[in-house]
Amino acid sequence: MTLAPERTARPSAPPEADAGPGRTGPAIGRAVDRVDGLAKTTGTARFSAEYPIPGLTHAVLVHAPIARGRIRSIDVAQAEAHPGVVLVLTHLNAPRLTPPPTRMNPMDLSTMAAGSSIAFLNTDEVHVDGQPVAAVVAETLESAQYAASLVRVDYETITPTADFEAELPTAKAVRSMPVLPPTGGKRGDARAAYTKAPVQVDLSFTTPQHNHNALEPHATTAVWDGKKLTVYEGCQNIDWTQKFLAKRFDVPASDVHVVSKYVGGGFGGKSKVWAATLITCMAAQVAQRPVRLALTREGVYRTVGGRTPTRQRVAIGASRTGQMEALIHQATSRKGRVGGEADQIISCSLDLYDAATILAEQKIVELDLMTNTAMRAPGEAQGSFAVESAVDELAIELGLDPVELRLLNQPVDKSPVHGTRYSHRRLAQALEQGRDLFGWADRPAPGTRDGKDLVGWGVAAAIHPAWEFVANVQLTVDATGSATLACAFHEMGMGTATVVGQMVADCLGVPLERVSALYGDSDLPMGPGAGGSGQTASLAASIEKACQAMRKRLDALASKSGMPDGSDPAEVLTRAGEQSLTVEVGADTGPKAMWGQVRFLSKMVMDSRRWMKAATGAHYCEVRVDADTGELRIRRWLSVFDVGRVVNPKTTHSQLRGGIVMGLGMAMGEETLIDTRTARIMNPSLAEYHVPVHADVPHLDVHTLDDPDPQMPLGILGAGEVGIVGVGAAVANAIRHATGRRVTDLPLTLDRIV
Ligand code: MOS
């Protein structure tokens, strides 16, 4: 294969120490190495399946091979007789738990972590293929594995409904979640405007189901001490997990201790409590022994939700000069009959373009499949593929440059549908800077050949809303001058523990080396979830307040000793004869916690009516398509993002690159295949579910505008999810440019390209 010389774009500009308003000093903006890096790369970091616990036993699940029906009988005699087996837990001997909630209610946080409404091992009903119907606990993992194969279950089966395409006619309108912004919306009469528009594009798209493949498969270690439960669990929401388990096991939340120090990736798949966690806690209670359950890769596919498939239509009507007169985005997603939520597939169409009329609406189908769940930019990832592909097609129809078309239709200061003002909006700058850095002016003619390859360049825009959650923090400064920030936040590998140190250092005015963070443990003040790209901004808000309060107390102490304001904390404390000072900041905790939550939610609702806050970005790529085989190679990638202030360019850019890599997975190979007759996932392994490998991913040249958002804490918009948005479309648009073929179905495999 002939390879053209690599084009190299300018490297990222060096991070500026202080890029705008807000209190920043020498730590924020620095590319600091991750504080957990050494522990993770040397293997000393302890994940939830790695805690050494005396008397530990091992559990293995028995999965139902049917998708709908009832257990007629279950024979555990052989399994129980197997050497080393401690317990075989089934619906006949499992403890009765408080029934699971049937829907999420943001006013009752114990409902938020319910992965489904199935009462695992408390029912003889089977609702999904792979549902655990028994768990074998043994002295060794091998003993449990073998004994699990000896459990005999006789089922009465009901034919499942699992064909998404066939069930589309049964789709119902999506009800918006309470408190959250409404799903969909409209501006004017888009249907009428579309009919009258001189230039029209109307395309249908499909995206398949995707499943979670975090490096660390879900694992739980559960220990009961009388009525107190300790759970070692890599999760994205310690608070929800604690409240959910307390409710189900009918114990006070303070008696459930969740330890989640290291998490090997989450991506949304660890923001809920799934069957295995619950069953491990049940087994430990009955066995009166510590129990560990580490899911196999297949176990994750069978018991943890994935990303919903979609069917979408995007119709855009425009004037001959490219003004969008109508933008219609209609989508159908799916949930499980036993739970799941509607990903906001169409929400990106509300804010990408200032079309004169807009219609965004979504429906949902219920099937006998595992519930869907959050997966990196749930909704925007799928929706952006459709809308950004259709915009590209419109540009071709108009004979306009696709970057120009996007710039021409940018909203200026207000969200076109809801009328809320943008806190700031830099998507046009991201598009322009990307265009210049990529060298878009040299874009080859469509269908240009290089040897037997066709060369194509593609562009797409990205948007993801910015979120903020409650973060209770405790800040302690001691007489040695060390500052410790304690909060039950989550470090899943994205660098949160590192940037927390940077924020504390600058907000308090102490050197970074003196700051450390305690996190990942429910004994610490309640932290925000690691979701919605909102964890860092949420922490920033409370860190700023805590540091201000601490500074005030230090200055008061200093003046007593005749020292000036802003004196070194170590000296202030030493002269005052104090060992340490502690301040706490955040929503109310304890019995008043609910009011804290109410206040927070009302602030969030008021805020969302006032401001539209979002991270945005622009992707540029070059692909090569083998003209004979359709083989696709991504040759060059450059993205420019506006994620507000960049606290740490190293971790932020890594997050954005990770998002792009996951987007390339969506584009090139990821697809969960379901046998619609049995409602069973056919490819539950990394051998048959293709995630991108190094050979699939070129150097990802990532840039950030580093422009603090005036309405977000420390100006931070969040970087975890925006990276994946638009990636699929950028690749599809490059394929269109190379081959003349518009591929509207993900993944973009060679059978669809040729
Ligand atoms: Mo995310 S999909 O909010 O981890």
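**Notebook: strand pairing and sheets**

I take strands as DSSP runs of E with at least two residues, and helices as DSSP runs of H or I with at least four, both numbered from the N terminus. Strands count as paired if DSSP finds at least two bridges between them.

The model is predicted: local features need pLDDT of at least 70, side-chain atom pairs count only at pLDDT 80 or more, and totals for chains, interfaces and linings use all residues. Residues are numbered from 1 along each chain as its sequence is written.

β18 and β19 (residues 453–465) run antiparallel and are joined by three bridges. I then traced the open sheet of five strands, which has the order β18-β19-β25-β26-β29 and mixed pairing. β18 (448–450) and β29 (700–704) are at the edges with a single partner strand each, so one side of each has no neighbour in the sheet. From one strand to the next the twist averages 25°; axes here are lines fitted to C-alpha atoms, for helices over the stretch in contact, with angles from 0 to 180 degrees between N-to-C directions. Helix α10 (residues 427–438) lies across β19, β25 (614–626), β26 (632–642) and β29, and runs at about 135° to β26. Contact means C-beta atoms, placed from the backbone, within 7 Å.

**Four-stranded sheet.** I found a second open sheet, of four strands, with the order β22-β21-β20-β23 and mixed pairing. Its edge strands, β22 (515–518) and β23 (580–585), each pair on one side only. Direction ignored, neighbouring strands are turned by 15° against each other on average. β20 (residues 473–478) pairs with β21 (residues 483–486) in the antiparallel sense over four bridges, and Q474 stands opposite A486 in β21. Helix α11 (residues 496–508) lies across β21 and β22, at about 130° to β22.

**Strand β15.** I checked burial for residues 324–336: 13 of the 13 residues of β15 are buried, so the strand is largely enclosed by the rest of the structure. Buried means 20 or more other C-beta atoms within 10 Å of the residue's own, with C-beta atoms placed from the backbone. β14 (residues 310–318) runs antiparallel to β15 and is joined to it by eight bridges, with Q312 opposite A331. The two strands form a hairpin with five residues between them, and G322 in the turn has a positive phi of about 100°. β16 (residues 358–367) runs parallel to β15, with ten bridges; there L359 is the bridge partner of I328.

How values were computed: Two residues are in contact if their C-beta atoms, placed from the backbone, lie within 7 Å. A residue is buried if 20 or more other C-beta atoms lie within 10 Å of its own, exposed if 12 or fewer, and partly exposed in between; C-beta atoms are placed from the backbone.
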